[in-house]
Amino acid sequence: MKTAPVVAVLGYPIHHSKSPKMHGFWLDQVAVPGHYIPLEIHPDNFESALKNMPKLGFRGANVTIPYKERALEIADFVSERAERIGAANTLYFDADGKIHADNTDGYGFITNLKNGASHWTAKSGPAFVLGAGGAARAILDALITEDTPKIYLTNRTKERALKLAQEFGDRVRVIDWDDKNTILPDITTLINTTSLGMNGNDDLGLNFSLLTDAMTVTDIVYTPLETELLKHAKQQGCTCVDGLGMLIYQGIPGFENWFGATPVVTDELRELLLL
Ligand code: ATR
């Protein structure tokens with residue numbers, strides 16, 4: 001008899017990860033047998049632990065901080081988008097024990113945006129990305145794949161933005177952090193990928209009066225769910241999309257592959273993840 005598929009999320013530390021809760025919820029929802037567990041792996045043991053997972057019978061894994069880049073290096077096969085992003089978050093193990101790495105963060109971002117703002121299309125106008133960390137990289141890749149005509153990028157540390165822009169070509173234009181308000185009248189989509197706004201942290205220094213009801217605004221911060229940015233954007237009449245959905249939708253391709261069923265995003269799941 002075949003045993004139920006087992007999948008793990010690997011990180012160090014791992015206690016903060018919401019993935020076990022989310023996949024556990026979906027396993028109950030679709031009523032297929034399976035297990036999804038958190039594994040805290042010390043950096044010294046990561047490579048051997050990952051390489052042995054297929055032999056132990058794992059079906060796949062998610063990887064989180066600090067392993068997204070190392071997982072990509074260790075994998076036997078890498079998807080094009082994971083290669084472009086330079087990091088993996090979702091791993092599949094095939095029947096020969098080979099490790100396939102993918103990155104579904106950009107997919108999660110775009111799917112969340114499309115679900116939260118039904119009229120939104122990347123082609124409708126320029127986007128403005130605040131921040132140049134790992135999340136921004138996946139989001140830039142997704143925006144370019146969706147054919148966003150122009151992307152403005154700004155970051156407190158300008159060198160990081162310049163480096164990222166260089167990797168993604170001439171559609172991306174870097175703006176000085178202090179000049180961000182000058183760009184607002186020209187954009188249709190505003191995306192915060194910085195940690196500013198998390199738990200009432202410092203503000204972004206945006207002149208909210210420049211936001212209009214023609215704009216879609218999204219924040220990858222979801223604690224609080226309604227960040228200062230989203231609160232002000234809502235007051236300005238913008239279409240607002242919170243960041244919790246990015247976390248949720250990035251999990252769907254992995255779940256489908258490992259467990260062979262399509263999960264549904266419900267309010268109950270959103271509430272559970274916010275606990
Ligand atoms: P992630 O992988 O989640 O994107 P990260 O790589 O640590 O995380 O990036 C965090 C982002 O938040 C960066 O763009 C960072 O700006 P710097 O590159 O200048 O560090 C931004 N950030 C964090 N704290 C900030 C602050 N107080 N003011 C402005 N930007 C900040």
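Q: What should I know about the model before we start, including how residues are numbered?
A: The model is predicted, so local features need pLDDT of at least 70 and side-chain atom pairs count only at pLDDT 80 or more, while totals for chains, interfaces and linings use all residues. Residues are numbered from 1 along each chain as its sequence is written, and side-chain values use heavy atoms, with hydrogens and water left out.

Q: How far is a ligand oxygen from the side chain of Asn-155, and from that of Arg-156?
A: For Asn-155, a ligand oxygen is 2.6 Å from a side-chain N or O atom. For Arg-156 the distance is 2.8 Å, again from a ligand oxygen to a side-chain N or O atom. A polar contact here is a pair of N or O atoms within 3.5 Å.

Q: How much of the ligand does the protein cover?
A: Of the 640 Å² of accessible area that the ligand has on its own, the protein covers 69%; areas come from the Shrake-Rupley method with a 1.4 Å probe.

Q: Which pocket is the ligand in?
A: The largest pocket. A pocket is an open set of points on a 1 Å grid over the protein atoms alone, where a 1.4 Å probe fits, with protein on both sides within 12 Å along at least five of seven lines; lining residues have an atom within 4 Å of a point.

Q: How much space is in the largest pocket, and which helix gives the most to its lining?
A: About 1400 Å³ of space lies in the largest pocket. Its lining has 46 residues, with Ile-65, Lys-68, Ala-135, Met-198 and Ile-220 closest to the centre. The helix α6 gives the most, with five residues.

Q: And the second largest pocket, how much space is there?
A: About 200 Å³. The second largest pocket has 14 lining residues, with Pro-54, Gly-57, Phe-58, Arg-59 and Asp-94 nearest its centre.

Notes. Polar contact = N/O pair within 3.5 Å; in protein donor to acceptor, adjacent residues only side chain to side chain. Sits in = over half its atoms within 2 Å of the grid points. Points joined across faces, edges and corners; volume = space filled by probe spheres on them. Helix = DSSP H or I, 4+ residues; strand = E, 2+ residues; numbered from the N terminus.
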